[in-house]
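Colleague: I have this model open and would like to go through it with you. Could we take it one topic at a time?

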Amino acid sequence: MAMTEMGSIPEPARLRDVAAAAGVSLSTASRVLSGADGASPRAVAAVLAAAKRLDYRPNLLARGLRGRATGLAGIVIPGIGNPFFAELVEALESALRDANLDMILADSRGDVSDEARRLQTLVDRQVEGLILIPTDHHASAPALRRAGLSVPIIQIDRQVDGFPADYVGVDNALGIRLALEHLAAQGCRSVAFLSDETSSSTGRSRLDAFRLTLPRVAGLTEGPVLLGSFSIDFGREAARALAVAGAGELPDAIVCGSDLIALGVVREFGQSGIAMPEDVRVTGFDGILFSELCDPPLTTVRQPIQAIAAESVRLLRSRMQGGTGASRRSEIAPSLVVRRSSRLAVTC
C-alpha cells in the first residue's frame, strides 16, 4: 500500500502503483487487471504479482466494471447483540426496502481487522453503497478509505476522524443536556458519569458533552467519571466501584452514556439494596425497549432511530445516483423519556 506524506496511515494502492511496481506502462497494467488481451505472459505475471504484493483492489465504479446495478446496500455494525444496533438495523432495513434496495448485514464484532474484512467482502460482492457504524474513530480509517474508492459510504452513530463521508447520528450534546437539566430540576447536586472509553466517537462526544454542559446547569457539580464499554457488565462493575468509593454516600445521580450501562447499574444497585430513585437517580441513553422493562423503569434519552435510518438511506441513495459535493453532517434531536429511575412518585 502507498503511504501518506506523514507516513502514518497507509493509502490504498492505485493502478499507477501496480504499474510502477511491475515495471510496465499504466495501460498494460490496466489491460491485465481488466482481463483484456494484448499483454505478454511476462507482463501478466509481473502485474498480478505486484497487485497481490500491494494488496491492490480495483476501483469498480471508476473503471465501470459493473455490468448492471445490483440494488444491494451493505450494512456493517460493531455487534448485533447490542439491542440499540439491532433496532437500528431493523429501521434501516425498512428504509432500504422503501428505497427499493436490499440489504446485506455484516457484524464486525467491534474488531478493526474483522471490520476491514467485512467491508472488503461487501465491496467484492458488488454492493452499491455502504452504511457503517465504525469500530474505532481512528483505527477504522484505512479500511474505510479503501472501501470508499469503490462505493459511497454513510457513517451513522459513530464516525472516523477526518474521513470525508456523510454522517448521520443523534445530537449527543442535546441529549446529555436534557438529562442534566432534568436531574437539576429533581433537586440533584452531584452527578456521576459512566460511559464508553473514548476510542469510539460516540463515547468521546458524550463525555465532552457532559463536561461542557454540567458547569452550565445551575446547582450541579461533577462526581466520579468512569469509562469502560457500552455494556451491562461495565455498568455493574462501575456501580460497585461507586458504592465502594462512596463508602455509603453515593452521588445524587448517575448519567449513563448508554442504556446497557444503566441497566447494569440498576441491576447491581437493586441486588445491593440501593433504592432508585430514593438513594440515587439513574438515566440512560438510547431508548432501547429494555429500558422500559427494567425495575425501576429507566429514564432515558431516546434516539430518533426511524429518522436516523431514513436520513441515512436518503443520503446513500443520493450518492449512489451520482450526487457529489462536500460530505454532509446531520445530527438529529433526541427526546427525554422520564421514568421512575430518576423521578420520585408524586403522593397526594
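Colleague: Which residues touch the most other members of the largest nonpolar core?

Modeller: A word on the source: this is a predicted model in which local features need pLDDT of at least 70 and side-chain atom pairs count only at pLDDT 80 or more, while totals for chains, interfaces and linings use all residues. Residues are numbered from 1 along each chain as its sequence is written, and side-chain values use heavy atoms, with hydrogens and water left out. A nonpolar core is a set of buried (under 20% relative accessible area, 1.4 Å probe, protein chains only) Ala, Val, Leu, Ile, Met, Phe, Trp, Tyr and Cys residues joined through side-chain atoms within 4.5 Å. The largest one has 69 residues, and those touching the most other members are Leu180, Val191, Leu194, Ile254, Val265 and Phe269.

Colleague: Which helix gives the most to this core?

Modeller: Helices here are DSSP runs of H or I with at least four residues, numbered from the N terminus. The one that gives the most spans residues 83–98 and supplies eight residues. That is helix α5.

Colleague: What distance separates the end C-alpha atoms of helix α6?

Modeller: The expected span of a helix is 1.5 Å times one less than its number of residues. Helix α6 covers residues 112–124, so its 13 residues should span 18 Å. The model agrees, with its end C-alpha atoms apart by 18 Å.

Colleague: Which residue caps the N-terminal end of α6?

Modeller: Look for a side-chain oxygen 3.0 Å from the backbone nitrogen of Ser113. The residue that carries this oxygen is Asp111.

Colleague: How many disulfides does the structure hold?

Modeller: A disulfide is a pair of cysteine sulfur atoms within 2.5 Å. For Cys188, the nearest cysteine sulfur, that of Cys256, is 13 Å away. For Cys294, the nearest is also that of Cys256, 11 Å away. The number of disulfides is zero.

Colleague: Is Asn100 buried or exposed?

Modeller: Asn100 lies in the loop between α5 and β4 (102–107), and has a positive phi of about 60° although it is not a glycine. Exposed means over 50% relative accessible area. With a value of 66%, Asn100 is exposed.

Terms used
Helix = DSSP H or I, 4+ residues; strand = E, 2+ residues; numbered from the N terminus. Polar contact = N/O pair within 3.5 Å; in protein donor to acceptor, adjacent residues only side chain to side chain.
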